[in-house]
Amino acid sequence: MAEQGILLDPDLAFRESWEQKTYEEIKKHTYIDPLYDAGFKAFLNDEQAMISFLNGVFHLEGDKRIVSATLKNTEINIIFPQVKSFRLDIRATTSNGFSVNVEMQKAKHSRFIERILLQHSAFMIQSKYEWDKEFLSEPKCELSEEERARRDELRYEIPPTFAIWICDFPVEKQEKYRGTWAIRNERGLTVTDKVKYILYDLTRFNKKLDSIRTTEERWLYLLKHAGKADCLPDFDDSVISDAIKRLLVNSAPDKLIREQARDMVLTEEELDHLAAMKVRARREGLAEGRAEGRAEGRAEGRAEGLAEGESNGIDKSLDVFRSLGVSDEMLEKASQILANSKN
């Protein structure tokens, strides 16, 4: 099961034991951490919470405010041949015509931006499909000129589709905690206002409680601090108060806490990422070894040293991951796997 320093496929007994320990650890806390899928959905996958959250994200006030939101099935009809099913975290349509996808991303994986683009492409097609079903009737044998004109007008029109990604890691090319991205030409002109990506970098959101002013800041503050807090402010907002209550460990359904524990143990996607880091480290080590070997007249020396280093224990393996920029969260999970593979 183990491969020179990292267990790439944790055995069932180890995973169940790890999940049980995680479950017991969650029970010691006041709140379920909304930075993991189960907690995130319990916190925000609610109509009133989404209305408040989205009004904060889009800075909508007065008559422009979203007054209703319909939570949609998160499974996309377009299927991808990958280990993880292609499902969104939260998907909704709003009273002002927005189609919105809200994602919580705990750890950064390879090709993160390409993942956003791929997922948004599928989300856009799904949104267009549902929009067409609502606004275009079934084809008739004979169409009037007015009906043909309307069909021509709507044939390629898309609803506004906005992707909101909340990231618990540094987002590249983004200096502030919020970045709004769009499709632009070489002159910086926006091609369309109907496609936008709003990326939140929680590592750069450092506002203190007494400086929180907006609805957007309130939700971000709670998302960042709930997992470690003993008491959370509700900002005299009944919607936020209800969302906080859904995170209370003492009153949460046992099923939710079990799901949260599973989310906090390595997923298949994270296992793939750690394996990719291991392969990359090995390749870089071998390349360095060949260079040193040529200089010393023994090309095999570095490769032997790397193999020895990999078998020397947890610290060396973790140092490799750390040097490649693996997040603290992933390092902690990797250390548990390494400890198990050593036993």
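Helices here are DSSP runs of H or I with at least four residues, strands are E runs of at least two, and numbering goes from the N terminus. K128 and D132 are both buried (under 20% relative accessible area; exposed is over 50%, partly exposed in between, with a 1.4 Å probe and protein chains only).

## Other salt bridges

A search of the whole structure turns up 13 salt bridges. One of them joins the side chains of E216 and R178 at 2.7 Å, N to O. That pair links distant parts of the chain, with E216 in helix α6 (residues 215-225) and R178 in strand β7, 38 residues apart. E216 is buried at 8% relative accessible area, while R178 is partly exposed at 23%.

There's also a network of salt bridges linking K72, R91 and E130.

## The sheet

R91 has a bridge partner in β5, namely N101. Strands β4 (residues 90-94) and β5 (residues 99-105) pair in the antiparallel sense over 4 bridges; pairing takes at least two DSSP bridges between two strands.

## How to read this

Residues are numbered from 1 along each chain as its sequence is written. As this is a predicted model, local features need pLDDT of at least 70, side-chain atom pairs count only at pLDDT 80 or more, and totals for chains, interfaces and linings use all residues, while side-chain values use heavy atoms, leaving out hydrogens and water.

Conventions
Salt bridge = Lys/Arg side-chain N within 4 Å of Asp/Glu carboxyl O.
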